[in-house]
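Welcome, and thanks for taking a look.

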Amino acid sequence: NSDITAYGNQVSFNTAVTHLAETFYVSLTGNDANPGTANQPWRTIQKAANTIFPGDEAIISSGDYDEYVTINNSGTSDIARISLFSKILRRARCRGFRIQGNYVTIDGFEVEAKIVSNWIGIIINGKSFADILHCFIEECPMGGISARNGSNYIRLIGNTILHCGQVGINIIGSNALLEGNNISQIVQHHPKGFIKFVPLGG
């Protein structure tokens, strides 16, 4: 869209560039040098998280992705989100997600933590309007989902959290919606191990 404004003998053109939402693809048979199309998918979920714009979505094919994904990009509204979907419900598996942007959707993944430094399945780090939907989160020694540091307007819907340590869901923030989540077999000391927090001066 272009707006034309006249000032005496001068004419200025103000052009607004509108991003058209796109769908991208990730597969274990892909390559991060590819364009991310259905026929030439990316290889890693992290590549998708780094690349997509507000309103875009990435469809992740089934398989075991040995990566902990950090999402720094933000969407701009509820209809222009950063969205990652498992193509088949709970068949795309990874080590976890750390959400550091607003208006992010994670939908349908299976998560199992395997790295000591990232032993929480999904972390929302002081951001708002994150949607965690239909995920299966298991065997995470320090917790299933943690929304911390004032994470507001979080929606956690239809998730299953099984045999994690410390806590199933932890939220430090306001206006969260939790609906239809199944949490079971939470233990204090997970068999994978746990991190002992030592007080200052202790």
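How many helices and strands are there in the protein? The protein has 1 helix and 20 strands. Please keep in mind as you read that this is a predicted model.

## Overall make-up

Let's begin with the whole chain. The protein has 202 residues, and 42% of them count as buried. Its accessible surface comes to about 10,500 Å², with 51% of that belonging to carbon and sulfur atoms.

Contacts tell you about the fold as well. Taking the contacts with a separation of 6 or more, 55% are between residues 24 or more positions apart.

## The open sheet

Now to the strands. An open sheet is formed by 5 strands, in the order E6-E9-E12-E15-E18, and their pairing is parallel. Strand E6 (68-71) and strand E18 (169-171) stand at the edges; each has a single partner strand, so one side of each is left without a neighbour in the sheet. From one strand to the next, the twist averages 10 degrees.

For a look at one pairing, take strand E9 (residues 96-99) and strand E12 (residues 122-125), which pair in the parallel sense over 3 bridges. Which residue in E12 is the bridge partner of Arg98? That partner is Ile123. As a reminder, strands of a sheet pair through backbone hydrogen bonds, either parallel or antiparallel.

## Aromatic pairs

Next come the rings. Searching the whole structure turns up 4 aromatic pairs. One of these is formed by Phe24 and Trp42, and it is stacked, at 5.0 Å centre to centre with 15 degrees between the planes. Phe24 lies in strand E3 (residues 23-26), while Trp42 sits in the loop between E3 and helix H1 (45-51), so the pair ties together parts that are 18 residues apart in sequence. Are these two residues, Phe24 and Trp42, buried or exposed? Both are buried.

Phe129 and Tyr153 have ring centres 5.0 Å apart and planes at 5 degrees, so this pair is stacked too. It links distant parts of the chain, 24 residues apart: Phe129 is in the loop between E12 and strand E13 (131-133), and Tyr153 is in the loop between strand E15 (145-148) and strand E16 (155-157). Phe129 is partly exposed, with a relative accessible area of 29%, and Tyr153 is partly exposed at 41%. Together with Tyr103, Phe129 and Tyr153 form one aromatic cluster.

Conventions. Residues are numbered from 1 along each chain as its sequence is written. This is a predicted model: local features need pLDDT of at least 70, side-chain atom pairs count only at pLDDT 80 or more; totals for chains, interfaces and linings use all residues. Side-chain values use heavy atoms; hydrogens and water are left out. Two strands pair if DSSP finds at least two bridges between them. Helices (H or I, at least four residues) and strands (E, at least two) are DSSP runs, numbered from the N terminus. Axes are lines fitted to C-alpha atoms, for helices over the stretch in contact, and angles run from 0 to 180 degrees between N-to-C directions. Buried means under 20% relative accessible area, exposed over 50%, partly exposed in between (1.4 Å probe, protein chains only). Contact means heavy atoms within 4.5 Å. Accessible areas come from the Shrake-Rupley method with a 1.4 Å probe; for residues, only the protein chains shown count as cover. Rings of Phe, Tyr and Trp (its six-membered ring) pair if their centres lie within 6.5 Å; planes under 30 degrees apart count as stacked, over 60 as edge-to-face and the rest as tilted.
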